[in-house]
Amino acid sequence: MTSASITVKTRPVDDNGHLAKSEPTPSAFVLDLEAIKARAREHLEDGAVTIGNQADHQQIISLLNDALSTELVCALRYRSHHFMSASQGGIAGFAVTGELLQHSQEELAHADRLASRITQLGGVPDFSPQGLASRSHTDYVVSTSLQHMLTEDLVAERIAIETYTALVRFVADRDPTTRRLFEDILAQEEDHADELSDLLRRLPTGG
Ligand SMILES: [Fe+2]
Ligand SMILES: [Fe+2]
């Protein structure tokens, strides 16, 4: 595929410092529509995929798969903490168990969205349990202490926030759809971190 040909033109200035009248307005948005139309007819087998560069394409699938592993581990960790908080966390555990279940479901929904994008790009989402923990950016930690569970969940959310921020920056204009997906997930990870922070603050001492 050829590289993107959307160009931004600026108007030249004449000897008196006035903008030339025959040129587009300053920083006008100009689309090379003929080239775009021609490219749209090439590689129709790629469907929605119009990422210009094959190396970027494969790299983005790989980044999405790493994020998928992270979401799966987070969903499992929250699931485990949902059950453990209810059975081991005393009265405070009962208070947070629903929140932990909801986080687990939301992490699974993130995994689904990442997998869907991977298949849209022609890749294969890696759901294999083999090596899942080592592919994940975050750790699977189980504890019988509610304080420890919530702390580990907050640590994982903070890791996710940093990694999604880096992914958003890296993907940038290479693939705006994937970047927006990472941005959406990032916003929800920030909500999760806020909620965990609140729960930890309200936890009775020794909880
Ligand atoms: Fe997530
Ligand atoms: Fe999260």
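**Exercise 1.** Is A172 buried or exposed?

*Solution.* The structure is a predicted model, in which local features need pLDDT of at least 70, side-chain atom pairs count only at pLDDT 80 or more, and totals for chains, interfaces and linings use all residues. Residues are numbered from 1 along each chain as its sequence is written, and chains are lettered from A and ligands numbered from 1 in the order in which they are written. A residue is buried if 20 or more other C-beta atoms, placed from the backbone, lie within 10 Å of its own, exposed if 12 or fewer, and partly exposed in between. A172 has 10 other C-beta atoms within 10 Å, and is therefore exposed. In the chain of 207 residues, 25% are buried.

**Exercise 2.** Determine where A172 lies and describe its phi.

*Solution.* A172 belongs to the loop between α5 and α6. Most residues other than glycine have a negative phi. A172 is not a glycine, yet its phi is positive, at about 40°.

**Exercise 3.** Describe how α5 and α6 are arranged.

*Solution.* Helices are DSSP runs (H or I, at least four residues), numbered from the N terminus. Helix α5 covers residues 146–171 and helix α6 residues 176–202; they pack at about 155°, with axes 9 Å apart. Axes are lines fitted to C-alpha atoms over the stretch in contact, and angles run from 0 to 180 degrees between N-to-C directions. Angles over 145 degrees count as roughly antiparallel, so α5 is roughly antiparallel to α6.

How values were computed:
Helices (H or I, at least four residues) and strands (E, at least two) are DSSP runs, numbered from the N terminus. Angles under 35 degrees count as roughly parallel, over 145 as roughly antiparallel, 65 to 115 as roughly perpendicular and the rest as oblique.
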